[in-house]
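Colleague: I am new to reading folds. Can we go through this one feature by feature?

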Amino acid sequence: MAKHMSKRHTPETLAFTDGKLVLIDQTRLPQELVNLTCSTVNETHDAIKRLVVRGAPAIGIAAAYGVCLAAAPTQASRQDYLDAADHLATSRPTAVNLFWALDRMKAVIEATDDDSVLHENLVNEATKIHDEDREMCKNIGRNGASLLCESKCVLTHCNAGGLATSMWGTALAPIYHCHQQGQTIEVFADETRPLLQGGRLTAWELSQAGIPVTVLTDSMAGSLLRSGKIDAVIVGADRIAANGDVANKIGTYPLAVLARHHSVPFYVAAPSSTFDLNLADGSGIPIEERSRDEVAEPHGICVVPPDANVMNPAFDVTPAALIDSIITERGLIPQPNRTKVTAHLS
Ligand code: MRU
């Protein structure tokens, strides 16, 4: 059996140390690798909103630790923790992992009768969510590698790597797995306008791991796919509806259309915590609209005249029919549909 992935190439994306949440500040990469420490719920909320920590699984883990920061361990009341969870739930709307993790924290608050152990129980639950995510990513890596074992060149969008999770990532986990097994594999990364998660983050973490990576502008993906160079496209997800429709970073949907047109397999990698079985299909997924400045004033330089309107949805929805397989920690869902998704998760 293939060996599991072992060494990590980058520092911890997030850690709970001495009662504080320490995050790699992803807004500063790749220029500098620095941490940002959150000591309060408001600081955690702000870090999630500003994308200091981002990527669906990492948002969920950060929010879980954020609940523990409601007040000093001996002073916080049950209501303080519940208020913290409610406040953190307003930080970003699309990634369901945020609400999934906060629901787990709320369940611990409800289930703990003895207030003197409430803080300890909450830290334990957040740590469990964090540890489980590491395992899920490893297993996604192993399961996804079975689809990429013949691939030499893979295209991805945004960042669904170690920086977006506890470790290894979702879409990048199979690539790390193949690389560690000695397979020659090269990644093409869409830069991912407007916040450049592909150019800044995916290229950074793959470079740290010694995996060859080429960054392209988003609009180049069509001609690259047409050239026949790309063997597979693999992306992450922020929320997957019961029928297999997938919300992910804006630009994922056109990539799926292009991949289908050029007969290149299109894979989505995500843990079971990213599924939202309460939504029948992708039309109900709330799509975050971010600020005008991200598009109109990148790096503080005005690139759009003030009178022009700007659209800045952070995510789009890819219909299940365009997805060749969803990869989870449990296995594969080929040609996903409602029946297969339900069976896979039950
Ligand atoms: O706005 P972001 O950077 O949080 O968007 C992240 C993505 O779209 C990722 O592809 C998704 O969260 C999966 S991360 C494993």
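**Strands, sheets and helix pairs**

Colleague: Let me start with one pair. Which residue in β7 is the bridge partner of Val 154?

Modeller: Ala 232 is the partner of Val 154. Strands (E, at least two residues) and helices (H or I, at least four) are DSSP runs, numbered from the N terminus. Two strands pair if DSSP finds at least two bridges between them. Here β4 (residues 153–156) and β7 (residues 232–235) pair in the parallel sense, over two bridges.

Colleague: What are these values based on?

Modeller: This is a predicted model, where local features need pLDDT of at least 70 and side-chain atom pairs count only at pLDDT 80 or more, while totals for chains, interfaces and linings use all residues. Residues are numbered from 1 along each chain as its sequence is written, and side-chain values use heavy atoms, leaving out hydrogens and water.

Colleague: How many bridges join β4 to β5?

Modeller: Four, and the two strands run parallel. Leu 155 has Phe 188 in β5 as its bridge partner. Strand β5 (residues 186–190) is mostly covered, with four of its five residues buried. Buried means under 20% relative accessible area, with a 1.4 Å probe and protein chains only.

Colleague: What is the strand order in the open sheet of seven strands?

Modeller: Read across, the order is β6-β5-β4-β7-β10-β13-β14, and the pairing is mixed. β6 (213–216) and β14 (332–334) stand at the edges with a single partner strand each, so one side of each has no neighbour in the sheet. On average, neighbouring strands of this sheet are turned by 25° against each other, direction ignored. Helix α5 (residues 118–148) packs on the sheet and touches β4, β7, β10 (266–269), β13 (325–327) and β14. Contact means heavy atoms within 4.5 Å. The direction of α5 makes about 150° with that of β13. Angles run from 0 to 180 degrees between N-to-C directions, and axes are lines fitted to C-alpha atoms, for helices over the stretch in contact.

Colleague: Which strands are at the edges of the sheet of three?

Modeller: That open sheet has the order β1-β2-β3 with antiparallel pairing. β1 and β2 (residues 20–24) share four bridges in the antiparallel sense. Phe 16 has Leu 21 in β2 as its partner. Helix α1 packs on this sheet, touching β2 and β3, and its direction makes about 140° with that of β3.

Colleague: How do I read two packed helices?

Modeller: Two packed helices are described by the angle between their axes and the distance between the axes. Take α2 (residues 56–67) and α4 (residues 96–111): the angle is about 30°, and the axes are 7 Å apart. They are therefore roughly parallel, a label for angles under 35 degrees. Their crossing is right-handed, meaning that the near helix is turned clockwise from the far one by less than a right angle. Residues in contact include Ile 59 and Val 67 in α2, and Leu 98 and Met 105 in α4. By class, this contact has 10 nonpolar, two polar and no charged residues. Nonpolar covers Ala, Val, Leu, Ile, Met, Phe, Trp, Tyr, Cys and Pro; charged covers Asp, Glu, Lys and Arg; the others, Gly among them, are polar.

Colleague: At what angle do α1 and α3 cross?

Modeller: Roughly 15°, and the axes of α1 (residues 41–49) and α3 (residues 78–88) come within 10 Å. This crossing is right-handed too. Val 41, Asn 42, Thr 44 and His 45 of α1 meet Ala 84, His 87 and Leu 88 of α3. The classes are three nonpolar, four polar and no charged residues.

Methods: Parallel < 35°, antiparallel > 145°, perpendicular 65-115°, else oblique. Buried < 20%, exposed > 50% of the residue type's maximum accessible area, 1.4 Å probe, protein only.
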